[in-house]
Amino acid sequence: MKQKFNIITSTCVPLPLENVDTDQIIPARFLKATDKKGFGENLFRDWRYDKQGNPIKDFVLNDPTYSGVVLVAGKNFGSGSSREHAAWAIADYGFRVVVSSFFADIHKNNELNNFVLPVVVSEQFLQELFDSISANPKMEVEVNLPNQTITNKATGKSEQFEINAYKKHCLINGLDDIDFLLENKDKIEAWEKKNER
Amino acid sequence: MNTLFDKIWDAHVVQQIEDGPTQLYIDRLYCHEVTSPQAFAGMKQRGLKCLRPAQIFCMPDHNTPTHDQDKPIEDPVSKKQVDTLAQNAADFGLNHFGMMHPKNGIIHVVGPERGLSLPGMTIVCGDSHTSTHGAMGAVAFGIGTSEVEMVLASQCILQQKPKSMRINISGSLGRGVTAKDVALYLMSKISTSGATGYFVEYAGSVVKDLSMEGRLTLCNLSIEMGARGGFIAPDEKTFDYLKGREYAPTGEAWDKAVAYWKTLKSGEDAVFDKELCFDGADIQPMITYGTNPGMGMSITDCIPTLEGMGEAAQASFMKSMNYMGFQPGQRLLGHPIDYVFLGACTNGRIEDFRAFASVVKGKKKADGVTAWLVPGSWAVDQQIRMEGLDVVLKDAGFEIRQPGCSACLAMNDDKIPVGKYSVSTSNRNFEGRQGPGSRTILASPLVAAAAAITGVLTDPRTII
């Protein structure tokens, strides 16, 4: 899933609900796989399909009005379980960016570790974004990782977002943390020696 | 600064990456079958070995059936996941307590009870309830599968240092009020995101007075406030609990360890990024009414009304009410229930079974209520039988199942049917958590027991 990340311009898929937990993103009964493939099919499974497996028409992923690689969600996105399957489902479905005013910690890390960029914006920016999408579902946002900005192209308003320099470097260059840790084995052994118990 | 969290964290820093995360040394990694297979697969793909296999303990718990564990698991997909963990543990030379192994159980129950989780340690697991081990005075937190792979490979993790928070709970708890109620009360006050970005130290007389098992329950639920983890400074109670446990140090090593553990406390001058204070006297037996654990109230209260709620909040609140089949403003005391679940890493320990048994002793389970009583481990199961609680429970119409996560997240066959109300001692009431369409009311073992014998939501103080 290593992908390089730079500037993304896309229409958005709006999910204006708060406290979307990882059990909703991917219910537990789909966690039995032993590989990372195919989780996108079951992204938001119980909101997206009824008990017979038919698509629920008014759920946003089933509404052809909305498309794009940017998911826009209400505050406290990804709370609850640490399951990385939630990030795999989001990535496998095709999302590259998730925008919200607040993310749960573990899920945020999981997104970053799967080359999905969580973008934290202000409450006001988020609300305006929902308004712009609802006024024109074809409106676009530009997410510029090198400059750390997100732009609502309907209003022209931009906001800076935070990401640490290390993780930014990883995303732009398609590197993961294990590559880094393996290069630092001597430091690990030195720490162990110093802290012998 | 000078908080206990700083002390433990700083002692484990291998290096600080400039404008980046910390490379943190991990003393103990726990692996269960659900969040580890892709990490092991990644290791194999890269051709790596585990750096410190002796520090890694694996056990299946999420998929395990709660009956006939001596027979093969019927669900082929569950079976494959459990078998994969056993194979990976063998391939990488890791400790493994498989199904039916006397040391098997829910990973967060087994770690403390075997003395594997010790004060001052850093402990991780691909499971958000890893915060449980914080009760031992350890910095313990849940991680994703990519991070599990990092630890398998390097015994380290890259992690941004969280901010520190202290939650003081002064005074004492009233009759019928338990550690579970304390946690549900905190969440109802600060919401499921109130501690996001923080590592919480619990302190104050209420916390000091809790038993070790009560502390495990409280720390277990830290993640439900959004916290990265939650822990309690070790004290004599901690040392007494750990002494003689299988993997705890012995002899001279024990004395040396205790001397070190005694230094593990926040300084008098410690400065926390945030500090919150509550009074134990304000806490009543709690229940949840909605679809996140922060939607909780005293069992005698009414569900909040929409008054003063913003538009987005109202939409989420009403979605939750519709799912639960409740109305804003409704009183839930006396509301009929269908299922009772006692167990999970939250309340699957011996004290929880003692509490449940104390309420139902000499009474009968209500007709129409299905009760699942699932010990957190085989050790808990054995203790239940040793104390004769199995007889008390059987006389009251309850049977004890075999250990595992069970109906907490319904990855095995223990699923609450669509639309049914479950009073559950577990940790999450999310939509569909206990099975598609299930309606979960989180509560303490006492509240669960009171509901089990009356068939309706009942204040346990009217029974005990």
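Mentor: Happy to, and let's start with a term: two strands pair if DSSP finds at least two bridges between them. The helices (H or I, at least four residues) and strands (E, at least two) are themselves DSSP runs, numbered from the N terminus.

Trainee: Okay. And what kind of model is this?

Mentor: This is a predicted model, where local features need pLDDT of at least 70, side-chain atom pairs count only at pLDDT 80 or more, and totals for chains, interfaces and linings use all residues. Residues are numbered from 1 along each chain as its sequence is written, while chains are lettered from A and ligands numbered from 1 in the order in which they are written.

Trainee: What pLDDT does chain B average?

Mentor: Chain B averages 97, and 100% of its residues score at least 70. pLDDT is the predictor's confidence in each residue, from 0 to 100. The model also has an ipTM of 0.94 and a pTM of 0.97.

Trainee: Back to strands, then. How many bridges join β2(B) to β8(B)?

Mentor: There are four, and β2(B), residues 22-25, runs antiparallel to β8(B). Within that pair, Thr22(B) sits opposite Gln159(B) of β8(B).

Trainee: What is the order of strands in that sheet?

Mentor: The order is β1-β2-β8 in chain B, an open sheet of three strands with antiparallel pairing. β1(B), at 13-16, and β8(B), at 156-159, are the edge strands with a single partner each, so one side of each has no neighbour in the sheet. From one strand to the next the twist averages 20 degrees; for angles like this, axes are lines fitted to C-alpha atoms, for helices over the stretch in contact, and angles run from 0 to 180 degrees between N-to-C directions.

Trainee: New topic! How many residues of chain B are in contact with chain A?

Mentor: The number is 53, and they meet 44 residues of chain A. Two residues are in contact if their C-beta atoms, placed from the backbone, lie within 7 Å. Your sheet strands turn up again: β1, β2 and β8 of chain B are among the elements that supply at least two residues each to this side.

Trainee: Which element gives the largest share?

Mentor: That is α5(B), with six residues. By class, this side of chain B has 21 nonpolar, 24 polar and eight charged residues. Here Ala, Val, Leu, Ile, Met, Phe, Trp, Tyr, Cys and Pro count as nonpolar, Asp, Glu, Lys and Arg as charged, and the others, Gly among them, as polar.

Trainee: What domains does chain B have?

Mentor: Domain 1 covers 4-274 and domain 2 covers 287-462; such bounds come from an automatic or database domain assignment. Their C-alpha centres are 24 Å apart. Across the boundary, 36 residues of domain 1 of chain B are in contact with 36 residues of domain 2 of chain B. On the domain 1 side, α6(B) gives the most, with five residues. That side has nine nonpolar, 20 polar and seven charged residues.

Trainee: Which residues of α14(B) are buried?

Mentor: In α14(B), residues 378-386, they are Trp378(B), Ala379(B), Val380(B), Asp381(B) and Ile384(B). A residue is buried if 20 or more other C-beta atoms lie within 10 Å of its own, exposed if 12 or fewer, and partly exposed in between, with C-beta atoms placed from the backbone. Their cover includes α4, α13 and α15 of chain B. After α14(B) comes Gly388(B), with a positive phi near 75 degrees.

Trainee: And Ala410(B), is that buried or exposed?

Mentor: Ala410(B) is buried, because it has 22 C-beta neighbours inside 10 Å. Ala410(B) lies in the loop between α15 and β17 of chain B, and its phi is positive, about 55 degrees, although it is not a glycine.

Trainee: Last one: where is Gly455(B)?

Mentor: Gly455(B) is in the segment after α16 of chain B. Gly455(B) counts as partly exposed, with 16 C-beta neighbours inside 10 Å. Gly455(B) and Ile337(B) are 118 residues apart in sequence, yet their C-alpha atoms are 5.8 Å apart in space. Leaving aside neighbours within four places in sequence, the contacts of Gly455(B) include Pro336(B) and Val369(B).
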